[in-house]
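Good morning, and thank you for making time for this presentation. Please bring the sequence and the model up on the screen, and I shall go through its contacts and its charged residues.

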Amino acid sequence: DLVLMGEHIGNAPLRAELHQAMVQAGVDPSRVTFQAQRPYADYLASYAAIDIVLDSFPANGGLCLLDALWMGVPVVSLAGQWMGERQGLSILTAIGHPEWAASDEDSYIATVCTLAHQPAVLPALRKHLRDEITASPLVGARRIAQALESAGLQLKRQASDVTQAVSHKERARAVARHQLAT
């Protein structure tokens with residue numbers, strides 16, 4: 001079955017359009033459920049009935065993907081060219097599952113089919129995905145804070161000659177030196 005969720009599902013014309021597209025594609029409408037927004041705890045609990053999340057495209061789901069993964073549900077994403085099309089790839093790579101990010105529609109479908117034909121694997125994923133997230137670079141406030149502090153100090157050191165320049169000409173030279181150095 002297919003569950004479509006999100007605030008846009010409350011849009012009746014969109015629901016009708018999606019329903020018609022499903023019928024034209026040969027999908028039995030009784031196998032499609034539209035799930036409107038709900039309280040966060042209920043939303044998270046709904047993942048217990050979902051085996052695989054199909055990320056949206058061209059714009060990926062972003063934080064919603066983390067919700068699914070946190071609840072132990074694998075996500076298949078289609079990576080495109082611009083940032084909004086690559087959020088899924090970034091998240092999946094960070095947690096150690098770049099194989100779930102496809103580069104084209106055919107590999108997207110193949111990845112979904114591979115996961116769907118391995119039902120014995122899904123319970124183990126449900127059990128371990130949260131641990132994979134907590135061990136990933138996505139999580140760890142101390143590590144993130146240290147990286148931000150380090151980056152800030154590096155920027156401060158790099159910019160000190162620009163901020164200490166006494167004239168516009170010296171400032172322009174300092175900026176040009178930084179541009180040439182990168």
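This is a predicted model: local features need pLDDT of at least 70, side-chain atom pairs count only at pLDDT 80 or more; totals for chains, interfaces and linings use all residues.

I begin with a pair of helices. Gln-158, Ala-159, Asp-161 and Val-162 of H7 meet Arg-171, Ala-174, Val-175, Arg-177 and His-178 of H8, where contact means heavy atoms within 4.5 Å. By class, the residues of this contact are four nonpolar, two polar and three charged. Here Ala, Val, Leu, Ile, Met, Phe, Trp, Tyr, Cys and Pro count as nonpolar, Asp, Glu, Lys and Arg as charged, and the others, Gly among them, as polar.

Residues are numbered from 1 along each chain as its sequence is written, and side-chain values use heavy atoms, with hydrogens and water left out. Helices (H or I, at least four residues) and strands (E, at least two) are DSSP runs, numbered from the N terminus.

How are H7 and H8 oriented to each other? Helix H7 covers residues 141-163 and helix H8 residues 168-181; they pack at an angle of about 150 degrees, with their axes 8 Å apart. The axes are lines fitted to C-alpha atoms, for helices over the stretch in contact, and angles run from 0 to 180 degrees between N-to-C directions. H7 and H8 are therefore roughly antiparallel to each other; angles under 35 degrees count as roughly parallel, over 145 as roughly antiparallel, 65 to 115 as roughly perpendicular and the rest as oblique.

The next pair is H3 (residues 63-70) and H6 (residues 122-134), whose axes come within 8 Å and cross at roughly 125 degrees. That makes H3 oblique to H6. Leu-66, Leu-69 and Trp-70 on the H3 side meet Leu-129, Arg-130, Ile-133 and Thr-134 on the H6 side. This contact divides into five nonpolar residues, one polar and one charged.

H3 also holds Asp-67. Is Asp-67 buried or exposed? Asp-67 is buried yet has no salt bridge, and the nearest side chain of opposite charge, Arg-130, is 9.3 Å away. Buried means under 20% relative accessible area, exposed over 50%, and partly exposed in between (1.4 Å probe, protein chains only). As to charge, Lys and Arg count as positive and Asp and Glu as negative; His and the chain ends are not counted. Leaving aside residues up to four places away in sequence, Asp-67 touches Tyr-40, Tyr-43, Leu-44 and Tyr-47.

How many salt bridges does the structure hold? There is one, a salt bridge being a side-chain nitrogen of Lys or Arg within 4 Å of a carboxyl oxygen of Asp or Glu. The side chains of Arg-31 and Asp-1 form it, at 2.9 Å from N to O. The pair links distant parts of the chain, 30 residues apart: Arg-31 is in the loop between H1 and strand S2 (32-35), and Asp-1 is in the segment before S1. Arg-31 is partly exposed, at 45% relative accessible area, whereas Asp-1 is exposed, at 73%.

I close with a point of backbone geometry. Most peptide bonds are trans. The bond from Phe-57 to Pro-58, however, is cis, with omega near 15 degrees. Pro-58 is found in the loop between strand S3 (53-54) and H3.
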